[in-house]
Amino acid sequence: MKLPTINTNTIETLVKTGLENAREASPALLIAAGTIGLVTGAVMAWKASRKVDDEIEVAKQDKADEIEKEVEEVELTPAETAKAVWKTVVPVAAIEIISVGCIIGGYTIKRHRMDAVVTAATLSASQLKLYQEKALETVGPKKEKEIKAAVSKEQLDKKFESNLSDDDIIVTGRGTQLFFEPTQNCLFYSDREFIQKCFNNLNMRMINEMYITLNELYSELGLPSTSIGDDLGWTVEDGQFEPSFDAIFTRDGRTCACIDYIPKGPTYDFRRRYA
């Protein structure tokens, strides 16, 4: 009988893929394992508590027989108690300790990864800022504004590939002019004067609160918050931030004002300065 041929390259690829997936999911796996371990340890502790009582009674009886006294008259020393119950107690304690370690380890890995992401984002933001400054020096303010508008137009077209429907536009109840917010990638109705007023309010708040998050701006504008909105923002050290409006058109020909932030957009590292 001919044995099937085993492709070692395929096995190696599967193993590598499995290890990479496990490494990527390691924080979640550790936290899950720790949680399961704590529950298991709690059940084992409940069962062990009754067994420990029996083991202590057996140890007392053995000691009473040895010294020829009644069981009621016998008291175990801490060392004797530990000797009687260690086989029952140690596994439970070990599971609880390992479980807590898994949870702490999972959160530690998660935090380190987040720190790495924040550092990378900060470096990218610094490089982008330098690029924007050099682009402005090279092509001049007018051309640089045209480039920004073209980028925003491309972003808008990718987000909304067909003609717009009413469901695509957020109604804030603050105006009828169409605006595009590129960070959240959303279209909404509002009014320039109202938007400027929102920025003025936030700049006043930032003087006292030291920083403003992107989600706080969205709240002022009447837009929904986002998962990263609390991790992006501006600080009082950067000075006041203002809106800039670039005119672009949607695919179906509607005039739209794209919001840009000057002197710069929200950054990831803003909150670290006040941590």
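**Ground rules**

I worked from a predicted model, where local features need pLDDT of at least 70, side-chain atom pairs count only at pLDDT 80 or more, and totals for chains, interfaces and linings use all residues. I number residues from 1 along each chain as its sequence is written, and side-chain values use heavy atoms, with hydrogens and water left out.

**Entry 1: strands**

I took helices (H or I, at least four residues) and strands (E, at least two) as DSSP runs, numbered from the N terminus. I count two strands as paired if DSSP finds at least two bridges between them.

I started with β3, residues 186-190. I call a residue buried under 20% relative accessible area, exposed over 50%, and partly exposed in between (1.4 Å probe, protein chains only). Four of the five residues of β3 are buried, so the strand is largely enclosed by the rest of the structure.

Next I looked up the partners of β3. Strand β1 (residues 169-171) runs parallel to β3, joined by three bridges. Strand β2 (residues 177-181) runs antiparallel to β3, with five bridges.

**Entry 2: salt bridges**

My criterion was a side-chain nitrogen of Lys or Arg within 4 Å of a carboxyl oxygen of Asp or Glu. How many salt bridges does the whole structure hold? The search finds five.

I followed arginine 205. Its side chain meets glutamate 209 at 3.3 Å, N to O. Both residues lie in helix α4 (residues 192-209), four residues apart, about one turn of the helix.

Arginine 205 also meets glutamate 216, at 2.6 Å, N to O. Glutamate 216 sits in helix α5 (residues 214-221) and arginine 205 in α4, so this pair ties together parts eleven residues apart in sequence. I logged Arg205, Glu209 and Glu216 as a network of salt bridges.

Glutamate 209 is partly exposed at 39%. Glutamate 216 is partly exposed at 22%.

**Entry 3: another pair**

I also looked up arginine 254. It forms a salt bridge with aspartate 252, the closest N and O atoms being 3.4 Å apart. Arginine 254 is partly exposed at 27% relative accessibility. Aspartate 252 is partly exposed at 29%.
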